[in-house]
Amino acid sequence: MSLTPEQKDIVQTTGKPLLVLAGPGTGKTEVLAQRILFLIENNLATKEEIVGITFTTKAANQMKDRLKQLGLPEDEHPLICTLHSLATKILRENGEMAGLPTEFMIADSYEASLILQDAIEDVNPHLSKHWKKLFEQIFLFKAQNKRPEDIDDKKMFKKIYQRYQELLRFHKALDFEDLILEACSLLEKHQEIREFYQNRCKNLLVDEFQDINPAEYHLIKLLAGEGNGLFVLGDDDQSIYTFRGGTPKIILGFTKDFKNAEEKVMTVCFRCPDKIILGALALIRNNKDRRDKELKPINRNADLIKFLDCKSDIQEARWIAEWIKENLEGEEYEPKDIAILYRGGDIADKIAEEVSKFIRIIRPSPEETKHQREFIAYLRLVTDRRDSLALRVCLSSKTAKKIGPIAIKKLRDYAESNNCELWDTLIIAQKENEFKRWRKYLKAFVDLIEQLNKKLSQLPLTEFLIHVAKTLGYEKEPRIKEIIERSKNLPEGNSLSAFLENLRGKRGEKAAERKESAEDRENAVLFITMHSVKGLERKVVFVIGMEKGEFPKSNSNVEEERRLFYVAMTRAKDKLFLCYAKKREGQSAQGVNFYDPSPFIFEIPEEYIEPIRPTT
DNA sequence: GCAGAAAGGATTTTT
DNA sequence: TCCTTTCTGC
């Protein structure tokens, strides 16, 4: 693929901070990969002076694949990873200077929520029912790069946040946001370390820049120094993660923050046909705080956008399934050319059911259940008694009979004041008078773990997993069986720790999966939320749930929802269907609900839209 | 600590 | 409307 003059100019402009505003389908990934190649081939930088930052590990892998296709062998690749992964690397390389526990664990959000509930228990138990709100508040403060000491708060919040941090460290753990904050602190405090990484990141390329939050931006600025090798790429119109603390203001303020920065735009859309681009542009121009950009479609004379106007979700499901069935019979489309996009909830269930009757579909894998997390935590504890996070999860499980929040708090207090491991406390405490009430149950729990440990050396891995599942009483649960099933696909050396690393990564770091994700590999119709379609394109796109009150959600930021819709519309390479159902049933519709069409529909000029009203 | 009853809330997601 | 969390009484 040869570059347009516009793209070539962007690839080759070096020596100053560069902001690239790139609309949907303009070839962002390509430009990023080509720039890395350009730097290396022209000896402008070695691979040790280049770091590429992506939003997800999947995107990082796609970037590596593209570099390989462009002829750059893997051992000549620069570091390409997420910002969290880079922060983890920096902290692991400088653990002591950062004042962190050696071999710290990364707490996932379930583990973090348990720790927060403990913190609330310690500070003010009356607030325990509001833990979810507090969890979100702490998250948002961290996303703003604010630590407990930065908070001026007369009420309990500051104390809870403080205690939460203390308890995370007691468990030798960092949550995801801590990775960013601790990396910032480390670089701020130590000039030599900062200079080392600024040199390492001499050429720092950041993708999806519209979705970063202030804490992440702070880290990027620390790494970029003067910023003369900083290259950021994004589209303020596609900023859809404000609930994560992201804000389009960062990308729009970039040229003010870096005084000698240059801003360039990519205006040729290779992906979408003209009607879709023109319709999407007309829609997004209703947003106030944005930079207007030209977007020129290559593909003209294409179909109009279809507005599917249905009486009910049942009719909608039937019509879409029927359309897919008919169009798969011809030569034009394969299952993998089709995607069904929705905002969330169970809205796609009916269509998924209809479509899966005759064709393979791919749906997002559901979140880990509580039992799955407990199952994994028991396995972790068996391999490593010092894994206090895993121990904390196990203590909350039903299998730890008669050990509740009170016992856990006492154990925690004891461990803290005697400065010992949580696991050791479990054993020592059995002798202490204040634990008299729980002596029997603590012993039972410790014995259980020791017994499992014995079984581990006696049984093959899969047998052992089944044994653990039985012990916990989870052996009949399909989601647990799923995990056990995965142990069979493991290459040789089937040790428990290898299996756990495959599941969770080292110390909670998710293993970067090298294999292609299912949606690229399998020839199946894709069901996906609008938020997770980043970087995705499909010939045929159905956007379902175009109902007033549901999309945009009635109490949400309309401009962000409009950006989300803009992202969804611009995934289509060929045909775009916007689907509305007057009547919807299900959980997200709160039983049965009647809707008007989404106001977004009317923001697309009529000349680009063609209504379809099914009669059957 | 548990079972059963009542209240609460229902988005989006990465690391 | 329904599923998850929280409260109550044992």
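Is Glu537 buried, partly exposed or exposed? In this predicted model, Glu537 has a relative accessible area of 33% and is partly exposed. Its side chain meets that of Arg271 in a salt bridge, with N to O at 2.8 Å. Glu537 sits in the loop between β14 (525–529) and β15 (538–543) and Arg271 in strand β9 (residues 268–273), so the pair ties together parts that are 266 residues apart in sequence. Arg271 counts as buried, at 11% relative accessibility.

Arg66 and Glu30 meet through their side chains in a salt bridge (2.6 Å, N to O). Arg66 belongs to helix α3 (residues 57–69) and Glu30 to helix α2 (residues 28–41), so this pair ties together parts 36 residues apart in sequence. Glu30 is buried at 7% relative accessibility. Arg244 forms a salt bridge with Glu216, their closest N and O atoms lying 2.8 Å apart. This pair links the loop between β7 (230–234) and α11 (248–252), which holds Arg244, to helix α10 (residues 214–224), which holds Glu216. Glu216 is buried, with a relative accessible area of 5%.

Arg244 leads on to the DNA. Among the 20 residues that surround DNA strand B, the closest are Arg244, Arg343, Gly345, Gly404 and Thr529. For Arg343, a side-chain N or O atom lies 2.6 Å from a base oxygen of DNA strand B.

Notes
Residues are numbered from 1 along each chain as its sequence is written. Chains are lettered from A and ligands numbered from 1 in the order in which they are written. This is a predicted model: local features need pLDDT of at least 70, side-chain atom pairs count only at pLDDT 80 or more; totals for chains, interfaces and linings use all residues. Side-chain values use heavy atoms; hydrogens and water are left out. A residue is near a molecule or strand if one of its heavy atoms lies within 4 Å of it. A polar contact is a pair of N or O atoms within 3.5 Å; within protein, one must be able to donate a hydrogen and the other to accept it, and residues adjacent in sequence count only if both atoms are side-chain atoms. A salt bridge is a side-chain nitrogen of Lys or Arg within 4 Å of a carboxyl oxygen of Asp or Glu. Helices (H or I, at least four residues) and strands (E, at least two) are DSSP runs, numbered from the N terminus. Buried means under 20% relative accessible area, exposed over 50%, partly exposed in between (1.4 Å probe, protein chains only).
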